[in-house]
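Me: I have this structure open and would like to go through it slowly, one part at a time. Can we start with the words we will need?

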Amino acid sequence: MPDDRDLLDTQSSDGMLANRIPMTAATDEAILDMQSPAVDPDGEPLKRKPFGVLFWFAVGFISIVVLSAVLANLLPLQNPDFGNYSSLNQAPSGAHLLGTDDLGRDLLARLVFGARVSLIVGFVGVLIGLVFGGTAGLVSGYRGGRLDIALNAVSFIILAFPAIVAVIAIVTFWGASLVHITIILGVATIPLMYRVIRASSLSFAQRDFVIAAKTMGATNTRIVLREILPNVIPVMVTFSLITVAGLIVIEGTLAFLGLSVPLPTPSWGNMINEGTANNALSTDPWIMLWPALFMFLLLWSINLIGDRLRQRFDIREGVL
Amino acid sequence: MRGLQRGGKSLEFKDAGSQEGPLLVVEDLHTSFRTSRGTVRAVDGVSFEVHEGKTLGIVGESGSGKTVLSRSIMGLLPPRDVIRSGTVRFAGHELTAMDDTELRQVWGAELSMIFQDPMTALNPVKRIGVQIAESLKLHLGMDKQEATSTAIELLRSVGIPSPQERVRWYPFQLSGGMRQRVMIAIALACAPRLVMADEPTTGLDVTVQAQILDLLADLQQERHMAVILVTHDLGVVASRADDIIVMYAGRVVERAPTRTLFHDTKMPYTRALMDSIPRLADPSGARLDAIAGRPPDLINPPAGCRFAPRCPYAQDKCRESEPPLRTVGSPDHLFACWFPLVDGKSTVPAVPVSLSASQNGASGATTEGDA
Amino acid sequence: MAKYLLRRFLQLIVVSFIISVLVFLLVHLLPGDPTTQILGANDTAANRAILLKQLGLNLPLWHQYTVWLNAAFHGNLGTSYLNHFTVTHILATGAPVSIELIIISQFIAFSVAVPLALVVSRKPNKGLDNISTTTTFGLLALPPFVVAPILVAVFAVGLGWFPATGYTPINQNLAQNIHEMILPSLAITAGSIAVYFRLLRSDLITTLQQDFITMARSKGLSNRRIMWRHAFRPSSFSLLAAAGINIGSLIAGTFVVEALFAMPGIGYALVQAVEQRDYLVVQGISLVVAIAFVIIQFIIDFIFTIVDPRVVRE
């Protein structure tokens, strides 16, 4: 008959984990390893699943965009800021490979120079979020305590706040320029980065290997850097890429409100905005279509790469 | 006659006690996994029988293939990347030839499994009563009320006090021992003919272990159930099993009725397992008699006897050719060894095991150090 | 349980209070004031000063704040400087529009994402899963300001199936109302579908590897039953959390679509008010939106305690 000790012993379940037989032998590894996807019907040993054609296409696309944006000044492009009034709203032709907009500016040139805005806002903005929000989240998830509670409250409040008001107010107040917008949006990603990375850090901080490191006398800094950080990196990478995509979209939304980089400097956001104003889409679709298409491909590529990388880091897929 | 129709042909199972011959027959079962590193031969030719109402113990270290064996017999392994061959005949039905629809009539109703870790094997967000009642409703056609009251009775029969209240509890509210009892209740709900208990007590306190095993034994007797007890712990099967199989590296290396196994051990590996169990009577500070080395790589198992790299009595013959499973004298004691123990002692001189060779586990052909 | 709810309620109060301060400060950060809108750019400084005094805007900031907060407590959020509607009225007319948009778009999102995730998680990285995943990335790459004009150009102007602009309240004409809501809802829903699908799929794949799923199989349960009754619930946590944040931010986040489709919702009203420095409207709407966000999180937390019985234990 069970005795009361047994009934009260709800905590013993945690002790159970410590008593577990470690799964080290080949068979158990085999069960874990079983989750690899493709099977060779002849039972030949399998290679690691390759990233896939789409992945490399995405990488290629992003590389081209980045390279052309960086080297824009060196490329044989026409002037993106000023147009030829005799060739307004032209469809793609030999003279203007992608056409012109309603001020006669060459669309290809605007597209390439405009890429700079999207890329900088996206990547640098995320970098800001990662450095500040990510570090805070990493430490906070591990240490816990009052700092954690305080930061949680702060990030919650920031998330609850209607973002448009804040962004409009600050951009209007400070002035819209590439630098300002990047910083503002970068700061805006800090609470998100904080939350996600904190959650990940927290889940690892409770694992046995961290406790083991502590009992061996490792300092907190060492634990965070050597034990937790390597485990959090996959999440960081994936989420960062998602956030890059998000920021590129937000730049577009800002342009919609007239708060992105001031004209005539092109950005994909303000090009799209110009292209859709006053029903221009029906009459001169090229102005909106090119930046929309390239933005679509860029975002799609970023998300795809983020996911493939995550898959590569992630061991688990598929049983039922 | 039992067997419920479910959109396919229904299977029929004779009532308990009317089975002629063994209830479960496993013959030459192989189970391998395709992995990125090669094909892992986790179960490499296992055969045995279990009769109604009897208990079979399957003993082996981690990596011996015993867990894979239990799931393979039941047919619970994922369909992809798994190669299975051999027969598994349960109550006259060939399990390996059945598809999932047919197997679902067997699972839970005639053949059920008790899992090792009740914390992960019980759905954390469902009440335990519901988890028990599910099988009852499915296989025995009970309605909700009937199923719930039966569940309460089942909880009572596995020794959970105040079952009427606890039937609405969640797994996390129970202690480890309690959860394992719930698992047993679930496994036994529809009165299956055979229960596969996969390490049912690992991780529990020793006193709780004994209670659980006693409970299982009592229920088994009541219901005339067969039990397969899979464990790494010889102590667990010592007093509970009628017959014992010792597995190593995917194969059966010794098989005997329990008493015979303990009194007339033939395989040095089995002997080593027994010796490695610490005894209360040992003086404090006595060193643990662990078996040196690690189990072999199952992608490329060594030629010859698989235990040879770690066996203190290994001779050249052992390393060159694999000993077959054979019997000498009594037909129900099988072993796979060229130089079996006689009266508990080896007939060949002991040789210190070379650690580097035993760690490689691979073809022990080249051994450095002592020979 | 009661203690837990009380704690959350207190959080609600504190957060709302802090947000009210932040909103107030932010909006007064903006250069200019409503007088420019009301009087025009070329009026005299003297007139401007008189108007400021009339509107109570010459008082020190903290005083303005307490006046406003006090009034808010009594249910008076103030009146727009520009169109003389009360803020409460603006909210009352705008909220139904935005809320309906959100409801319809989320309904579409869940109807697509959930069944799809349930199906593909059983065979990850095979045909259907690959197609769905790749398509999802496409959805994530289509923000509202891109999708909306295209939808309008194709379906409204081009095919004429749906109206390009306009809003008819539900109580006037339900059919018309739904008809007008379809394109704008579709414009918003793309991102939600993608996020919900990915999260649910990922959690399902993880859950399906747990022991209790194998156990459920060993009981003879059918695959469909296992998916719906055993796998779905423990896998819905990330989805719930994301839905909470998503819906919360959509409340005023619908402004792009509202503007493009000429729907008089609160998102649009908010953006306009900021541009016109209509302080009270901005403060009032922002405060209500933030409170709504917190309440939604509160509701999600509550749902969590139902879906995951382990939560209440803390």
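Reply: Let us begin with pairing: two strands pair if DSSP finds at least two bridges between them. Helices (H or I, at least four residues) and strands (E, at least two) are themselves DSSP runs, numbered from the N terminus. This is a predicted model, in which local features need pLDDT of at least 70 and side-chain atom pairs count only at pLDDT 80 or more, while totals for chains, interfaces and linings use all residues. Residues are numbered from 1 along each chain as its sequence is written, and chains are lettered from A and ligands numbered from 1 in the order in which they are written.

Me: How many residues of β3(B) are buried?

Reply: Strand β3 (residues 55–59) of chain B has five of its five residues buried, where buried is given by counting C-beta atoms, placed from the backbone: 20 or more others within 10 Å of a residue's own make it buried, 12 or fewer make it exposed, and anything in between is partly exposed. Both faces of the strand are covered, with B:T55, B:G57 and B:V59 on one side and B:L56 and B:I58 on the other. In general, side chains in a regular strand alternate between the two faces of the sheet.

Me: And what about B:R279, buried or exposed?

Reply: B:R279 counts as exposed because 8 other C-beta atoms lie within 10 Å. This residue sits in the loop between α11 (268–275) and α12 (316–320) of chain B.

Me: Now the open sheet in chain B: what is the order of its strands?

Reply: The order is β2-β1-β4-β5 (chain B), four strands with antiparallel pairing. At the edges are β2 and β5 (93–94) of chain B, each of which pairs on one side only. Strand β1 (residues 24–35) of chain B and strand β4 (residues 82–90) of chain B run antiparallel and are joined by eight bridges, with B:F33 opposite B:V82 in β4(B).

Me: Which helix lies across β1, β2 and β4 of chain B?

Reply: That is helix α1 (residues 66–74) of chain B, which runs at about 70° to β2(B). For such angles, axes are lines fitted to C-alpha atoms, for helices over the stretch in contact, and the angles run from 0 to 180 degrees between N-to-C directions.

Me: Where are the domains of chain B?

Reply: Chain B is divided into domain 1 (2–248) and domain 2 (290–370), with bounds that come from an automatic or database domain assignment. Six residues of domain 2 of chain B are in contact with 10 residues of domain 1 of chain B, where contact is counted if the C-beta atoms of two residues, placed from the backbone, lie within 7 Å. On the domain 1 side, strand β2 (residues 38–50) of chain B gives the most, with five residues.

Me: Switching to chain C, how many helices and strands are there?

Reply: Chain C has 14 helices and zero strands. Of its 314 residues, 43% are buried, and its C-alpha atoms fill a box of roughly 85 × 55 × 35 Å, taken along the principal axes.

Me: At what angle do α5 and α13 of chain C pack?

Reply: Helix α5 (residues 87–120) of chain C and helix α13 (residues 266–275) of chain C pack at an angle of about 130°, and their axes are 7 Å apart. That makes α5(C) oblique to α13(C), because angles under 35 degrees count as roughly parallel, over 145 as roughly antiparallel, 65 to 115 as roughly perpendicular and the rest as oblique. Among the residues of α5(C) that meet α13(C) are C:G94 and C:A95.
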